[in-house]
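Subject: Structure handover

Hi,

Here is the structure for you to look over. My notes on what turned up in it follow below.

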Amino acid sequence: MQDHHSTGHTDYTDHSHNHSTGHTDHSHNHPNAKAVSDRLARAIGHLESVKRMVDRGEDCSQVLIQLAAVRSAINNAGKVLLSDHINHCIVEAVEHKDYQKIQELNEAIQKFVK
C-alpha cells in the first residue's frame, strides 16, 4: 500500500493527506490489510447486485434488507481497519508522542460512526 490515501467522502472533495508526519518509517501494511481488502471487494460485489435488483424493479423490502447487509459488511471492514490502526499506528504514535496522529484518529472515528 502507499503511504498516501484519500478518504473517499461522498462529496467527492479530495481529502487526501500524507501520513509521514512524526515517523518516517510508518507504513499502512497492517496484518489484516488483505482481510479488509477482501471484505471491501465482497461488499462492492454485493452492492452491485443490489443495484441490479433496483434496476430490475425487485421488491423494495428485499432491496432494503440487502442494503443493510452491505452497510454491515462495510462497517465490519471499518472495525477491522480501526483495530489494526489502533494496534499499530496509534501505539507507534504514542511511543513517538505524535499527538496529531491521535487527533486524526479521533476525527476519523467521528466521521466513521456518523
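One definition to start: a residue is buried under 20% relative accessible area, exposed over 50%, and partly exposed in between. Glu104, at 23% relative accessibility, is therefore partly exposed. Please keep in mind that this is a predicted model.

Salt bridges

How many salt bridges does a search of the whole structure find? There are 4. Three of them are described here, including one in helix α3.

In that one, the side chains of Lys101 and Glu104 meet, at 3.1 Å from N to O. Helix α3 covers residues 99-112, and both partners lie in it. They sit 3 residues apart, about one turn of the helix. Lys101 has a relative accessibility of 3%, so it counts as buried.

Asp38 pairs with Lys34 in a salt bridge, with the closest N and O atoms 2.9 Å apart. These two are 4 residues apart in helix α1, so about one helical turn separates them. Asp38 is partly exposed, at 27% relative accessible area. Lys34 is exposed, at 59%.

Lys51 bridges to Asp55, and here the closest N and O atoms are 2.9 Å apart.

Side chains of opposite charge can pair when their charged atoms come close.

Helix α1

Helix α1 runs over residues 33-55. It has 23 residues and reaches 33 Å from its first C-alpha to its last. That is close to the 33 Å expected at 1.5 Å a residue.

Which residues of α1 are buried? They are Ala33, Val36, Ala43, Val50 and Met53. Helix α2 (60-95) is among the elements that cover them. Just after α1, Gly57 takes a positive phi of about 75°.

Nonpolar surface patch

Leu47, Leu64 and Leu67 form a nonpolar patch on the surface. Together they have about 270 Å² of accessible area. Leu47 belongs to α1. Its relative accessible area is 39%, which makes it partly exposed.

Best wishes

How values were computed:
Residues numbered from 1 in each chain as written. Predicted model: local features only at pLDDT ≥ 70, side-chain atom pairs only at ≥ 80, totals over all residues. Heavy atoms only, no water. Patch = residues over 30% accessible without salt bridge, like charges linked within 9 Å, V, L, I, M, F, W, Y side chains within 5 Å. Areas by Shrake-Rupley, 256 points an atom, 1.4 Å probe, with all protein chains shown as cover. Buried < 20%, exposed > 50% of the residue type's maximum accessible area, 1.4 Å probe, protein only. Expected span 1.5 Å × (residues − 1). Contact = heavy atoms within 4.5 Å.
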